[in-house]
Amino acid sequence: MNNFDYCNPVRIVFGKGQISQLPNLLPKSAKVLMTYGGGSIKSNGVYDQVKAALKDYDVVEFGGIEPNPQYSTLMKAVEIVKSEKIDFLLSVGGGSTLDGTKFIAAAAKYTGEDPWDILAKGAPVVDAVPLGCVITLPATGSEMNCLAVISKKETTEKLAFGSPAVFPKFSIIDPTVTFSLPLRQVANGIADTFVHVIEQYVTHPQNTPLQDRQAEALLLALIDEAPKVFKDPQNYDVRANLFWMATQALNGWLNVGVVQCWATHNIGHELTAQLGIDHGRSLALVLPGVWRSQRKEKGEKIAQLGRRVFGITEPDLDKAVDATIDATRNFFASLGIKATKAEYGVTDEVVQAIAKLIDSRGVKFGDRQNIDGAKIVEIMSLCD
């Protein structure tokens with residue numbers, strides 16, 4: 001097991017009716033910027049609940065944060081934070097809204113020349129405006145971590161940053177607000193949760209039995225619960241279970257002391273930036289190709305996943321790997337997620353553009369740090 005330093009300060013307020021707890025969580029004198037996305041919170045009742053809870057606060061609203069939050073949009077909010085002297089940010093919406101709000105919090109306090117350097121150059125975030133959230137979509141786990149992914153349309157980039165300064169002070173999770181979600185979004189969130197766990201678990205053997213079993217427990221529970229939500233979308237217990245799984249998949253518990261991969265996410269982000277593919281669907285497309293390309297490096301853990309989670313009994317390692325890839329693709333298919341390049345318009349030209357962009361950054365990724373532009377081309381050739 002590797003050395004680690006773990007701290008997660010996020011207060012989770014979970015359950016029915018918990019949006020009403022906002023006055024007990026916000027600083028009493030806070031001037032609040034309430035951020036949200038395209039307006040679904042106004043049709044599902046969340047907006048009214050939040051506004052009622054904030055009736056005694058000075059609140060400025062900023063809507064229109066995109067599903068892949070855009071740098072140019074977020075910088076408009078940064079100007080509002082500065083001009084209105086905002087001292088607390090409240091994200092109301094899904095993971096993209098919260099990711100965008102984390103960047104707003106960091107950029108508003110950034111003293112360098114260009115806040116994009118936080119993402120493009122890894123410029124340190126040493127201070128941020130405090131923030132909290134009412135999270136409405138189980139997927140990213142952003143409600144209990146200090147990570148965010150931001151897009152820049154002008155350069156077709158989608159990049160991540162992380163800093164302890166942008167941990168939410170609190171996150172309210174009311175599973176009832178997910179009842180109105182389109183099932184496509186539910187499926188995307190389940191796929192995202194699944195791959196979050198995989199990227200921390202299917203690497204190479206590291207003698208971390210507890211972390212492995214924790215990951216396997218999450219995957220088993222997710223596979224058990226997933227079909228239930230499509231059969232009975234109004235089942236509170238299923239919605240609550242799926243939300244808590246999504247939160248735990250990326251709150252840091254699984255990755256302490258282990259090497260992580262994130263190759264599937266890195267490539268998936270580029271596909272989303274280039275083609276606008278739903279994030280969860282880009283992951284379902286890419287993951288089998290990553291495993292096929294990295295079967296020598298990851299074979300033992302892929303087979304372990306197959307045996308412990310999917311019940312595969314094949315003793316031959318190569319055959320067990322193939323069976324696990326098939327089982328994983330079948331799981332995505334059960335969610336209604338397509339998994340071929342042609343279905344998403346992923347051409348050789350798009351793949352070459354992504355490979356060139358990755359090489360231009362001078363970085364390699366994956367748990368062995370061995371994936372560059374050429375490997376991306378290989379991985380994408382193995383995705384169908």
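Biologist: How much space lies in the largest cavity?
Modeller: The largest cavity of this predicted model holds about 90 Å³ of space. A cavity is a set of points, on a 1 Å grid over the protein atoms alone, where a 1.4 Å probe fits but cannot get out. Grid points are joined across faces, edges and corners, and a volume is the space filled by probe spheres set on the points.

Biologist: Which residues line the largest cavity?
Modeller: Its lining is made up of Pro138, Thr178, Leu181, Val186, Gly189, Ile190, Thr193, Leu222, Arg239, Leu242 and Ala246. A lining residue has an atom within 4 Å of a point. By type, the lining of the largest cavity divides into 7 nonpolar, 3 polar and 1 charged. Here Ala, Val, Leu, Ile, Met, Phe, Trp, Tyr, Cys and Pro count as nonpolar, Asp, Glu, Lys and Arg as charged, and the others, Gly among them, as polar.

Biologist: And which helix gives the largest share of that lining?
Modeller: Helix 7 does, with 4 residues. Helix 7 and helix 9 (236-249) each supply at least two residues of the lining. Helices (H or I, at least four residues) and strands (E, at least two) are DSSP runs, numbered from the N terminus.

Biologist: How many cavities of 30 Å³ or more are there?
Modeller: The structure holds 3 of them. The second largest cavity has a volume of about 60 Å³, and its lining includes Val197, Gln200, Tyr201, Asp212 and Lys301. That lining divides into 5 nonpolar, 5 polar and 2 charged residues. Helix 7 and helix 8 each supply at least two residues of the lining of this second largest cavity.

Biologist: Back to Ile190. Is it buried or exposed?
Modeller: Isoleucine 190 is buried, because its relative accessible area is 4%. Buried means under 20% relative accessible area, exposed over 50%, and partly exposed in between (1.4 Å probe, protein chains only). Isoleucine 190 lies in helix 7.

Biologist: What does isoleucine 190 touch?
Modeller: Leaving out residues up to four places away in sequence, isoleucine 190 touches Leu222, Ala226, Val229, Phe230, Leu242, Phe331 and Leu335. Contact means heavy atoms within 4.5 Å.

Biologist: Which residues have the most contacts inside the largest nonpolar core?
Modeller: They are Ile190, Phe194, Leu271, Trp291, Phe332, Leu335 and Met380, in a core of 57 residues. The largest share of this core, 9 residues, comes from helix 7 (residues 183-201). Apart from it lies another core, of 41 residues, among them Leu98, Ile104, Tyr110 and Ala148. A nonpolar core is a set of buried Ala, Val, Leu, Ile, Met, Phe, Trp, Tyr and Cys residues joined through side-chain atoms within 4.5 Å. In soluble globular proteins, nonpolar side chains tend to be buried together.

Biologist: Now the loops. Where is threonine 156?
Modeller: Threonine 156 is in the loop between strand 6 (147-152) and strand 7 (157-162). Threonine 156 has a positive phi of about 45° although it is not a glycine, and it counts as partly exposed because its relative accessibility is 31%.

Biologist: What about asparagine 207, buried or exposed?
Modeller: Asparagine 207 is exposed, with a relative accessible area of 67%. Its place is the loop between helix 7 and helix 8 (209-231). Asparagine 207 is not a glycine, yet has a positive phi of about 55°. Most residues other than glycine have a negative phi.

Biologist: What should I know about the numbering and the cut-offs of the model?
Modeller: Residues are numbered from 1 along each chain as its sequence is written, and side-chain values use heavy atoms, with hydrogens and water left out. As the model is predicted, local features need pLDDT of at least 70 and side-chain atom pairs count only at pLDDT 80 or more, whereas totals for chains, interfaces and linings use all residues.

How values were computed: 1 Å grid on protein atoms, 1.4 Å probe; cavity = no way out; pocket = protein on both sides within 12 Å on 5 of 7 lines; lining within 4 Å.
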